[in-house]
Amino acid sequence: MAEITITETDQRRSTARILDVREDFEVAEGMIPGALHIPMGQLQARLGELDPAVPVIAVCRSGNRSAAVADALNGVGYKADTMAGGMTAWTRAGLPTT
């Protein structure tokens, strides 16, 4: 697992699956456009929604939960990275949200 910057995440949005692992109330504040929302606690049950052939960039509020999710995904055969700083850094930088 690599920890990648918000700039790298923005550049890879068209080639990677952005996976937002925050809770519903957090996602209501805004998501990265095109991201798939699967709360961390539901990941195992919803793993089939992710294509193992597509790299994953896990995102949460600050980067802690997404790092754990990226580790878990890499452990079951996905290629997953985590976005450093999470959505806090993304929104602070003025990057787009929906």
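# Salt bridges, strands and a few side chains

Student: How do the side chains of glutamate 26 and arginine 65 meet?
Tutor: They meet in a salt bridge, 2.8 Å from N to O. Keep in mind that this is a predicted model.

Student: Where do glutamate 26 and arginine 65 lie?
Tutor: Glutamate 26 is in helix H2, residues 24-27, and arginine 65 is in helix H4. So the pair ties together parts that are 39 residues apart in sequence.

Student: Is glutamate 26 buried or exposed?
Tutor: Buried. Its relative accessibility is 4%, and the cut-off for buried is under 20%.

Student: And what does arginine 65 count as?
Tutor: Partly exposed, because its relative accessibility is 25%. That falls between the 20% and 50% cut-offs.

Student: Which residues are linked with Glu26 in a network of salt bridges?
Tutor: Glu29, Arg61 and Arg65 are linked with Glu26 in that network.

Student: How many salt bridges does the structure hold?
Tutor: It holds 8. One of them joins arginine 12 to aspartate 81, with the closest N and O atoms 3.0 Å apart. Arginine 12 sits in helix H1, residues 6-12, and aspartate 81 sits in strand E5. The two are 69 residues apart, so this pair links distant parts of the chain.

Student: Is aspartate 81 buried or exposed?
Tutor: Aspartate 81 is buried, at 3% relative accessibility. Arginine 12 counts as partly exposed, at 22%.

Student: Which other residue forms a salt bridge with aspartate 81?
Tutor: Lysine 79 does. The closest N and O atoms of that pair are 3.6 Å apart.

Student: New topic. In what order do the strands form the sheet?
Tutor: The order is E1-E5-E4-E2-E3. The 5 strands make an open sheet, and their pairing is parallel.

Student: Which are the edge strands?
Tutor: Strand E1, residues 3-4, and strand E3, residues 36-37. Each of them pairs on one side only.

Student: What holds strands together in general?
Tutor: Strands of a sheet pair through backbone hydrogen bonds, in either a parallel or an antiparallel way.

Student: How many bridges join strand E2 to E3?
Tutor: There are 2, and the strands run parallel. E2 covers residues 17-20. Leucine 19 stands opposite leucine 36 in E3.

Student: Over how many bridges do E2 and E4 pair?
Tutor: E2 and E4 pair over 4 bridges, again in the parallel sense. Here aspartate 20 faces valine 59 in E4.

Student: Which strands does helix H4 lie across?
Tutor: Helix H4, residues 64-75, lies across E2, E4 (56-59) and E5 (80-83). Its angle to E5 is about 175°.

Student: What is serine 66 in contact with, leaving aside its neighbours within four places in sequence?
Tutor: Val21, Ala58, Val59, Cys60, Thr82 and Met83.

Student: Back to strands. Which strand does histidine 37 lie in?
Tutor: Histidine 37 lies in strand E3. Recall that E3 is one of the edge strands. Even so, histidine 37 is buried, with a relative accessible area of 18%.

Student: What does the side chain of histidine 37 reach?
Tutor: It reaches the backbone oxygen of arginine 22, at 2.7 Å. Not counting residues up to four places away in sequence, histidine 37 touches Asp20, Arg22, Glu23, Asp24, Val27, Met31 and Arg46.

Student: Last one. Where does valine 54 lie?
Tutor: In the loop between helix H3 (43-46) and E4. Valine 54 is partly exposed, with a relative accessible area of 27%.

Student: What is valine 54 in contact with, beyond its neighbours within four places in sequence?
Tutor: Thr15, Ala16 and Arg17.

Student: How far apart in space are valine 54 and lysine 79?
Tutor: They are 7.6 Å apart, C-alpha to C-alpha, and 25 residues apart in sequence.

Notes: Residues numbered from 1 in each chain as written. Predicted model: local features only at pLDDT ≥ 70, side-chain atom pairs only at ≥ 80, totals over all residues. Heavy atoms only, no water. Pairing = 2+ DSSP bridges. Contact = heavy atoms within 4.5 Å. Axes fitted to C-alpha atoms, helices over the stretch in contact; angles between N-to-C directions. Buried < 20%, exposed > 50% of the residue type's maximum accessible area, 1.4 Å probe, protein only. Polar contact = N/O pair within 3.5 Å; in protein donor to acceptor, adjacent residues only side chain to side chain. Salt bridge = Lys/Arg side-chain N within 4 Å of Asp/Glu carboxyl O.
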